[in-house]
Amino acid sequence: MSGIAGRLLKLLPLTEPAREKLRLGAKRITATSKHFRKSPTGMAGLGILVFFVILALFAGQVMVLLSWVSDATGHPWDTAYGPFEITGDGVMRPPSPAHWLGTDDNERDILSRVIYGSRVSLEIGLVAAAASMGLGTLVGLLAGFWGGWKDEVLMRITDVFLVLPWLALMIVLATVLPGGQSVSKVIFVISITGWSYTARIVRAQVLSLKERGFVERARAIGSSDMHIVRRHIFPNVFPLVFANAIITVALSILSESTLSYIALGPPPTEVVTWGNILYGASQRNAMGNELYWWIIIPGLCIVFVVLSFTFIGYALDEIFNPKLRKR
Amino acid sequence: MRSLRAVLFRKMVNAIITIFIVLALNFVLFHVMPGNPIRMMIPQKPNIDPGYIDMMIEKFGLDQPWYIQFFVYLKNVFTLEFGDSFRTKTPVIDLVLDDLTWTLILVGTSTFFMITIGMTLGILAAWKRGSWFDTGSLAFSLFFYAMPTFWFSLILILVFALELRWFPPSGELPIGMTLTPFNLDTLAALLDHLFLPAVSLTVGSIAAFSVVMRSSLVDIMTEDYVTTARAKGMSEYRMLKEHAIPNAMLPMVTLIALDLAFIVGGAFQTEYVFDYEGIGYATIIATEQDDYPYLQAAFLIIAVVVVFANLIADLTLAYLDPRVKIE
């Protein structure tokens, strides 16, 4: 590793092994990103994602910016509308200079709702994917490492979650679980339905790693199971899990929007997501009233965010998965 | 090397275990979790006949401790006794089986087309690897894969039913018509209504098939026997048709089984948006009206159907692929 970063590392108050570990980690990341930059799909995905992350983090500022643009073109807005703000400009109006995407049934500005909607949609996608990855990795590691009847039990349970239609299970869980509607319940429901595939691939990877020389050596010198899993198996499984996790984020965002569309998502009175904007649109027959943008724009946002994660996931998979390397 | 019979036996035992776990899961969700199972079987309305309440409590053992209830529940499941729908007051099982027919029509048609179209795209992409067609078909299929099915359905209705008026926007048959086999008028009306939902369900899932078919074929084209065939001067077309494609089809069988969980999820959304009264539509309506008996029976029946479909795919694979025996 070169120049500035190397010198910076030396300045940190670290022990020599820790510094070496950091250096190796950084080297790995640099190598991966070098491969990643060569993948056009990966970079396109990253570009789209950065756009939406900026939208989510700076939703308020983006609205202020857009209001300046509107001012400059001679159509001043009253304020940079908030997602729940009642604008007083009429119910269900088509797009106009004052409301670029029109207003909904509660006189709210749809553009503002779409921009703020990116926050919860991304948040639920990321957290739910992280949770299901964690659960899947744990089950896969344990099943693969233990083997025998414990493996058998875990795999039969995994199979159930693998074959059950995910939406049916999510609907039943969201309806039957107590506690009303909330963001955390939606995250729970999505992650409980989404972990099984990860468990499968992690287990397969662990089974092949277990037979490899370095694991046998570690065992021969008396390393504990915990140590072997943590230091030898997990680091080798991680890249695969990571690529898979990115694609799981895409699926989680799709799940959230679907649940919200059938009124099983987070409460629309407190939280705005792209899914529940669409739910509102269909409840108020936006289509029959020719308010097409109310339907088209939030849907396109979902499509592009999901696409960005899928692209990044594919690109990473190609880098990490030796089977897919360019031939 | 195990015998084919042993493999088949094991697959069947696994399927039975899976169904048993599903039964237990269903029981926990609907009988243990809510605290008060009576709420799940008897409508909470003041004008319910007390005799009916007593009969239901007796029939489902709702006043018994949970472990006794579990056996009563098992007995009821095997005699297809799921109670009465809160919505229609008729036995739930009749409704579910009726709705299932419609779902099977939709899922069957769409699955057929997604397999044939997806495989064709995958074969062409692998054959013309690296060409604009390869990149284009990947981008095309991923774009539709990223689309929430419910949103794609909305857009189809918008364009082809409301604007162009080529197809009816909702329903499965014109009002007053019932499904009679071998009747041309009914068949025409059915196809007319089925077209848009089937397109919606098919297009989103093409990616899964084309991507796997492509990579599986690309994989096989590096095998020695393909090189040999080429060296012998066999034409590219014959080589693909006789050597590569039949072998590349094997992963597709597994994929169809795995993907069924997603296809059914897509069918739920399509049915709901098109008011196509299959099991998915009715399930979502059941959540809106707290029709728990329907929800419970539908979930169980779907799960059993999907597990059996998986079993059939597994058995087909074991029959087609001699390597399964060695596994």
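Which residues have the most contacts inside the largest nonpolar core? The structure is a predicted model, in which local features need pLDDT of at least 70, side-chain atom pairs count only at pLDDT 80 or more, and totals for chains, interfaces and linings use all residues. Residues are numbered from 1 along each chain as its sequence is written, while chains are lettered from A and ligands numbered from 1 in the order in which they are written.

The largest nonpolar core comprises 161 residues, and Leu164(A), Ala168(A), Val306(A) and Val264(B) have the most contacts inside it. Such a core is a set of buried Ala, Val, Leu, Ile, Met, Phe, Trp, Tyr and Cys residues joined through C-beta atoms within 7 Å; buried denotes 20 or more other C-beta atoms within 10 Å of a residue's own, exposed 12 or fewer, and partly exposed a count in between, with C-beta atoms placed from the backbone. Helix H13 (residues 292–320) of chain A gives the most to this core, namely 16 residues; helices are DSSP runs of H or I with at least four residues, numbered from the N terminus. Apart from neighbours within four places in sequence, Leu164(A) is in contact (C-beta atoms, placed from the backbone, within 7 Å) with Leu169(A), Ala261(B), Ala303(B) and Val306(B).

The contact between the chains takes 33 residues from chain A and 39 residues from chain B. Helices of chain B that each supply at least two residues to the side touching chain A include H1 (4–32) and H13 (292–320).

Glu290(A), in the loop between helix H12 (274–283) and H13 of chain A, has a positive phi of about 60 degrees although it is not a glycine. Glu290(A) counts as exposed because it has 11 C-beta neighbours inside 10 Å.

Definitions and conventions
Contact = placed C-beta atoms within 7 Å.
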